[in-house]
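Hi everyone, thanks for coming. Let me put the structure up on the screen, and then we can walk through a few places in it together.

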Amino acid sequence: MKRASNSELEGTPATQEQIRGKIIDAIAQTMDLYGANYSFGQLYGIMFFEDKPMTLEDMKQHMNMSKSNMSYAVRSLTDSKMIMKLDEKQERKDLYVAETNFFQAFQNFFATKLQREIDVMLGTINEVIPPLSEMILAAETPEDERQLGLKDLHKLRHGVEYYSWLQQFVDGLRNGEFFQQSSDKSGSKPPSG
């Protein structure tokens with residue numbers, strides 16, 4: 001896909017394709033935040049403007065990507081909840097659509113990623129605190145090791161506090177709590193959850 005340069009949009013009236021190209025380029029440039037490379041961002045941008053679901057073949061025609069790269073791009077964008085696979089099919093081919101509501105895309109992506117971090121970290125912290133506490137309390141533990149264990153325990157308890165707070169944040173994000181102010185100010189209606 002050809003990028004729309006600033007000079008193409010200045011001076012002469014811009015075409016719809018140039019305007020969309022500019023937005024697609026901006027989306028592609030920012031997709032690293034979502035763990036996607038530039039071409040994956042382009043694909044999301046193309047799908048963002050598409051008025052109908054797309055098959056892998058449709059995407060491949062727009063992007064000139066190999067089938068394996070296209071499959072990887074779709075998997076990455078699906079995992080990030082930037083696009084969704086539909087239940088219905090077109091001539092036995094899977095159909096995909098982009099999440100076009102930026103509030104919902106933000107909510108889906110960050111709630112999913114942060115929940116994974118919470119589950120991994122809090123699960124591991126809770127798993128190691130009991131044996132660490134036993135080691136600290138054991139009479140045979142050398143004093144320098146006990147002191148080191150106490151420092152680690154203090155850090156891990158701080159981690160539990162942080163991940164408990166983060167869980168409340170994720171729950172609020174999923175419930176749409178943080179989007180109420182946006183709808184009041186802008187007049188646009190973000191999702192409620």
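Please keep in mind that this is a predicted model. Let's start with Q115: is this residue buried or exposed? Its relative accessibility is 13%, and the cut-off for buried is under 20%, so Q115 counts as buried. You'll find Q115 in helix 6. Setting aside neighbours within four places in sequence, Q115 touches Q167, V170 and R174. With R174 there is also a polar contact, side chain to side chain, at 3.0 Å.

Now let's move to helix 2, residues 16-30. Which residues of helix 2 are buried? They are G21, I24, D25, I27 and A28. These cover an arc of only 160° around the axis, which means they sit on the same side of helix 2. And what do they pack against? Helix 3, residues 38-49.

That takes us to helix 3 itself. Its 12 residues should span 16 Å, and the end C-alpha atoms are 17 Å apart, which agrees. Helix 3 is mostly covered, with 9 of its 12 residues buried. If you'd like to find them on the screen, look for F40, G41, Q42, L43, Y44, G45, I46, M47 and F48. What covers them? The list includes helix 2, helix 4, helix 5, strand 1, strand 2 and helix 6.

Definitions and conventions:
Residues are numbered from 1 along each chain as its sequence is written. This is a predicted model: local features need pLDDT of at least 70, side-chain atom pairs count only at pLDDT 80 or more; totals for chains, interfaces and linings use all residues. Side-chain values use heavy atoms; hydrogens and water are left out. Helices (H or I, at least four residues) and strands (E, at least two) are DSSP runs, numbered from the N terminus. The expected span of a helix is 1.5 Å times one less than its number of residues. Buried means under 20% relative accessible area, exposed over 50%, partly exposed in between (1.4 Å probe, protein chains only). The arc is that of the directions from the helix axis to the C-beta atoms. Contact means heavy atoms within 4.5 Å. A polar contact is a pair of N or O atoms within 3.5 Å; within protein, one must be able to donate a hydrogen and the other to accept it, and residues adjacent in sequence count only if both atoms are side-chain atoms.
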